[in-house]
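Hello,

Here is the structure I promised to pass on to you. Please have it open while you read, and my notes follow below.

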Amino acid sequence: MMGYDTHPSFSPDGKYIAWISQERDGYESDKHRLFVADLSTGERQYMTEAFDYNVDAFQWLPDSRSFYFIACKEAVTHIWEINMDKEIRQITSGQYNYVGMHAVNGNMVALRQSMERPTELFAVNPQTGEATEISFENKAIEDQLTVGKSVPRWVKTTDGKQMLVWVVYPPNFDPNKKYPALLYCQGGPQSTVSQYWSFRWNFQIMAANDYIIVAPNRRGLPGFGQEWLEQISGDYGGQNMKDYFAAIDDVAKEPYVDENRLGAVGASYGGFSVFWMAGNHQKRFKAFVAHAGIFNMEQQYLETEEMWFANWDMGGPYWDKSNPVAQRTFANSPHRFVDKWDTPILVTHGELDYRILASQGMSAFNAAKLRGIPAELLIYPDENHWIARPQNGILFQRVFFRWLDKWLKD
């Protein structure tokens, strides 16, 4: 088994071992499969072969014949059950994510979050899925706030498929007003835009600043089957970018969205997406924000600490002229479209980022300035690929909204 095998767990009776397995060597986003091996015979069973979604975590039941597991399907993450006959039952449901669970003596405790609420503990009935909140860590703050609603919206893509897009509305949303809107571009690139909570890319903070947020589950994200997930590899700058445009174009038709005040924001692959769209957006957007994004893909190929990742997703080295996948990838590098840049852009990056070096952000900023485009650069000397320090996160939010308000509000 040449892929990545993780989370081994012995059955309560000691007869089996279960683990999460990926099939292909060098493919970070390969399907997370649940496997079981009989320790006496060595026989292996691929338990979730008929289940077209990742198994993110699992736990044996006392009978040593079944499991609880967590999986994301259609941008919500829930708790499921599977037995040795490979029969699967969904336990929980609703518009939120279960991000952790533990069961003992027929009871279950789970962590739950959503775009509207940070993580809290819930007691879950494993038979009915009924959940009761048992921790209230954030209640004192939440009681002081009015949150915006996140609503799923299915949008038709340019190739005739259906894409789930989350639309997050400002608190006290007034459909008779016209709001600026932000297209949120996800990182990963293969990471679902699910009902998650983040202190940096927080949709409630964005909405509370009077923006409508458009967050598409574009091509290349898990939770919608392997075909949808894997399409992006070797197609950076391709169909997933068309998916972004389809999402923002669809929502911008609403009477409460001001199509003349649209912005696009994102980090990592989302930052790459912003850099790429800066040269290909046909004047849709009036402002951009890119954090830790790839600007020059040839530079990125030789700089990243994840060379195996670049080889898989980019299709190979840029000097292999006989490789059509790699040549298509590097032909879509954002730096090749700088001659078409015409929109104000804020670039942020961490100098301890070895996934995508800070020189990428600095290069993008310099390119914008050399083109005479309004641009700002925020460099964190003490952050890596993520902004992890709370004070740095506060600074990010202040600079983020100062920039967007300058270009998208009267």
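How many salt bridges does the count come to? It comes to 20, where a salt bridge is a side-chain nitrogen of Lys or Arg within 4 Å of a carboxyl oxygen of Asp or Glu.

Before the details, some ground rules: this is a predicted model, in which local features need pLDDT of at least 70 and side-chain atom pairs count only at pLDDT 80 or more, while totals for chains, interfaces and linings use all residues. Residues are numbered from 1 along each chain as its sequence is written, and side-chain values use heavy atoms, with hydrogens and water left out.

**Salt bridges**

The side chains of R153 and D250 meet in a salt bridge, at 2.6 Å from N to O. D250 lies in helix α4 and R153 in strand β13 (residues 150-156), so this pair ties together parts that are 97 residues apart in sequence. Helices (H or I, at least four residues) and strands (E, at least two) are DSSP runs, numbered from the N terminus.

R153 also forms a salt bridge with E254, and here the closest N and O atoms are 2.8 Å apart. E254 lies in the loop between α4 and β17 (257-267), so this pair ties together parts that are 101 residues apart in sequence.

R153 is buried, with a relative accessible area of 18%. D250 is partly exposed at 21%, and E254 is partly exposed at 22%.

Another pair to look up is R89 with E81, whose side chains meet in a salt bridge at 2.6 Å, N to O. R89 counts as partly exposed at 29% relative accessibility, whereas E81 is buried at 17%.

**A helix pair**

Helix α4 (residues 239-252) turns up again in its packing with helix α5 (residues 269-278): the angle is about 80° and the axes are 11 Å apart. Axes are lines fitted to C-alpha atoms, for helices over the stretch in contact, and angles run from 0 to 180 degrees between N-to-C directions. The two helices are therefore roughly perpendicular to each other; the classes are roughly parallel under 35 degrees, roughly antiparallel over 145, roughly perpendicular from 65 to 115, and oblique for the rest.

On the α4 side, the contact (heavy atoms within 4.5 Å) is made by N240, M241, Y244 and F245, and on the α5 side by Y269, F272, S273, W276 and M277. By class, this contact has 7 nonpolar, 2 polar and no charged residues. Ala, Val, Leu, Ile, Met, Phe, Trp, Tyr, Cys and Pro count as nonpolar, Asp, Glu, Lys and Arg as charged, and the others, Gly among them, as polar.

**Two open sheets**

Two strands pair if DSSP finds at least two bridges between them. Strand β7 (residues 76-83) runs antiparallel to β8 and is joined to it by 3 bridges, and W80 stands opposite Q90 in β8.

There is also an open sheet of 4 strands in the order β9-β10-β11-β12, again with antiparallel pairing. β9 (97-104) and β12 (131-133) stand at the edges with a single partner strand each, so one side of each is left without a neighbour in the sheet. The twist here averages 30° from one strand to the next. Strands β10 (residues 107-113) and β11 (residues 120-124) pair over 5 bridges in the antiparallel sense, and the bridge partner of V109 in β11 is A123.

**Two loop residues**

L221 is found in the loop between β16 (212-216) and α3 (226-230), and is buried, with a relative accessible area of 0%. Leaving out residues up to four places away in sequence, L221 touches Q186, P189, Q190, S191, T192, V193, P216, W228 and L229.

G14 has its place in the loop between β1 (5-10) and β2 (16-21), and is partly exposed at 43%. G14 and I205 are 191 residues apart in sequence and 48 Å apart in space, C-alpha to C-alpha.

Best wishes

Terms used. Buried < 20%, exposed > 50% of the residue type's maximum accessible area, 1.4 Å probe, protein only.
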